[in-house]
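Me: I've got a model open and I'd like to learn how to read it. Can you take me through it feature by feature?

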Amino acid sequence: MFGDFTDRYKELLESDVMVTIRQGFFQRLLILPRYNIDSDIDFWTLFNDSIGELNPDTRFHFFHHIKLDIERRAEDECHVFGQFEKVRYKCRDNPNLVTVEGRCKNCGFYTIAAFRLDKYIQSKFEEFPNRVIIMTCSNCKKDGSVEFPMLI
Ligand SMILES: [Zn+2]
């Protein structure tokens, strides 16, 4: 499986898709392969099994690294920074919670939510392309109108 895994990275590194992030590939430790398309490999299962084999301390540090990376991207796109910081601060000691801003397609209201990082990553693996997590808007109450971006 390791060969298949590294072949996928090699393929991505050589594709145009990765051109913009190739420079920071190692620096950012971008170890999440993208999507299950064009492959017989179930990357989510492989990724999840690999994470499960890490010792708890290493797993903690790994999740923390991914969490910070996602939250930096969320911060760059954030519109209600005060709310974002409050939620992020509450979740600061939990490496398996990631804070993301969502926006209502119906009324434009911004919502900040903390997602379980493992479930957030799983959504990325299993849904393609440009999957968003949806919720009911707390402002206009419309079902499924708030969209949270996948920032990994
Ligand atoms: Zn709304």
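Me: In what order do the elements of the protein chain run from the N terminus on?

Reply: Helices (H or I, at least four residues) and strands (E, at least two) are DSSP runs, numbered from the N terminus. Here the order is α-α-α-α-α-β-β-α-β-β, which comes to 6 helices and 4 strands. Some ground rules: this is a predicted model, where local features need pLDDT of at least 70, side-chain atom pairs count only at pLDDT 80 or more, and totals for chains, interfaces and linings use all residues. Residues are numbered from 1 along each chain as its sequence is written, and side-chain values use heavy atoms, with hydrogens and water left out.

Me: Is Cys-104 buried or exposed?

Reply: Buried means under 20% relative accessible area, exposed over 50%, partly exposed in between (1.4 Å probe, protein chains only). Cys-104 has 0% relative accessibility, so it counts as buried. Cys-107, on the other hand, is partly exposed because its relative accessible area is 34%. For the protein chain, buried residues make up 39% of the 152 residues.

Me: How many aromatic pairs does the structure hold?

Reply: Rings of Phe, Tyr and Trp (its six-membered ring) pair if their centres lie within 6.5 Å; planes under 30 degrees apart count as stacked, over 60 as edge-to-face and the rest as tilted. The structure holds 4 such pairs. Take Phe-115 and Tyr-120: their ring centres are 5.9 Å apart and their planes are at 35°, so the pair is tilted.

Me: Which residue lies over the face of Tyr-89?

Reply: A charge sits over a ring if NZ of Lys or CZ of Arg is within 6 Å of the ring centre and within 35 degrees of the ring normal. Here that's Arg-92, at 3.8 Å from the ring centre of Tyr-89.
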